[in-house]
Each structure stands twice: as structure tokens, then as C-alpha cells.
Amino acid sequence: MSNYRLSELKYEDFPLKLFLRLLRLTDIRAAKIVGCTETRWRVFKNKWESSHTSLESDNQLEQQKKVSLSFVKSQKAALLLKWMSLSEEAARPLVEELGFKWKEDPEELVKYLTREIKKELTKYENETAILESMSNESEEVEKFDIDEAIASLELMGFNIDDYNKLTVGKYTAMSKVASKRIEKQNNASNG
């Protein structure tokens, strides 16, 4: 089922529409159709994914980091409290090393760490809610339609004779130029 002609292509020379259909398949199946190793197919796939990440996915990743950080901070304070209740070692070096303020009065220290736990758990809950709403919004966004994307490039003045012959490399180059044009227009209208 492999295609000799496809197996000789470089990433940039793949017909775009075919490439996008292959991305929906498993790596093994796509590699078999192309006639290359699974490793080579993954290189192609990774090139596409790294150059076509969306702002939306970047924002979701940033939000995921915030969720993780607030969770870790709350757990760090909780574990410190637990350690202090079980250990007879001096707590000050560990408290300060973990980034918390030292309080001479043990009761004040416990209250302070308890407030930190609550504060970070509240942050965690809020950040998680934001992340969930971002996920719900992204599920509602219409699926990427390559024909619409190509048509929009034509509306911007790019000449595309045959959508089926447009290559990944040419599409990527046109998209970059289009993005720069849009950014320039936005900057001109905002400035």
C-alpha cells in the first residue's frame, strides 16, 4: 500500500490536503501509506505540529502551568506543616528554603502556613475553572477547514491554482506572510 512517489518527498513537498488527512491516522498507518519508516513520519508530523501550534493551545498550556504551580505550592505548605508536626528538627532552615516567611511564634507560623495553603488552594480552584472553560470553548470552536484556510489566502491576494497541489511548504510560507500582513495591519490600526 506504500506509495513510492510519496516516500521520496521531503516534508515541504507533501501535498497539503493529503498530509492533513494523514495526520488524522495513526503513525503506523500514515507511515505505511507514505512508504517510510514510522520514525520518519513522526519527524514530518512533529515539524507540522511545532510550526502550526495555535495561540489557543499556547494559552491553555500557560494556564495548565498556573494550575500546576498553585497545586504544588499548596502541597508544599501542607507537607511542611505535616513535617513540622512529626519532626523535632529545627524548622526554620526548611521553612525559608521552601520560600515561606519564618515566624518565631509557632502558633503564628502554623496560622501563616494554613493561610498559604488556603490561598493556594483557592488559586488552584480558580485557575482550574479557567482552564476548564478554555477547554470547553476550544471544543466549541469549529474544526479547522483547510479549504476555507486556502480560500482566505486567495482573498489576501495569493494565487493558488489547484488546492490539491498546494504543498505543505508553500502553504506554511503563505500563512507566515499572511500572519505578518495581518499583524502589520493591526499595529497600524492600533497605533
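Which exposed residues are carried by the face of helix 3 turned away from its buried side? In this predicted model, they are Ile28 and Lys32. The buried side of helix 3, which spans residues 27-34, is made up of Asp27, Ala30, Ala31, Ile33 and Val34. Viewed along the helix axis, these buried residues fall within an arc of 160 degrees, so they line one face of helix 3. An α-helix has 3.6 residues a turn, so residues three or four places apart point the same way. Just after helix 3 comes Gly35, with a positive phi of about 90 degrees.

Asp27 also takes part in a charged contact. Its side chain meets that of Arg42 in a salt bridge, at 3.1 Å from N to O. Asp27 belongs to helix 3 and Arg42 to helix 4 (residues 38-51), so the pair ties together parts that are 15 residues apart in sequence. The two partners can be set side by side by their accessibility. Asp27 has a relative accessibility of 14% and counts as buried, because the cut-off for that class is under 20%. Arg42 is partly exposed, with a relative accessible area of 37%.

Across the whole structure, a search finds 10 salt bridges. One of them joins the side chains of Asp147 and Lys17, with an N to O distance of 2.9 Å. This pair links distant parts of the chain, 130 residues apart. Asp147 sits in helix 8 (residues 146-155), and Lys17 sits in helix 2 (residues 16-23). Lys17 is buried, at a relative accessible area of 17%. Asp147 is partly exposed, at 32%.

Another salt bridge stays within a single helix. Glu96 pairs with Arg92, and their closest N and O atoms are 3.0 Å apart. Both residues lie in helix 6 (residues 92-97). They are four residues apart, about one turn of the helix. Glu96 is partly exposed, with a relative accessible area of 40%. Arg92 is partly exposed as well, with a value of 37%. Beyond such pairs, salt bridges that share partners join Asp27, Glu38, Arg42 and Lys45 into one network.

Technical notes. Residues are numbered from 1 along each chain as its sequence is written. This is a predicted model: local features need pLDDT of at least 70, side-chain atom pairs count only at pLDDT 80 or more; totals for chains, interfaces and linings use all residues. Side-chain values use heavy atoms; hydrogens and water are left out. Buried means under 20% relative accessible area, exposed over 50%, partly exposed in between (1.4 Å probe, protein chains only). Helices (H or I, at least four residues) and strands (E, at least two) are DSSP runs, numbered from the N terminus. The arc is that of the directions from the helix axis to the C-beta atoms. A salt bridge is a side-chain nitrogen of Lys or Arg within 4 Å of a carboxyl oxygen of Asp or Glu.
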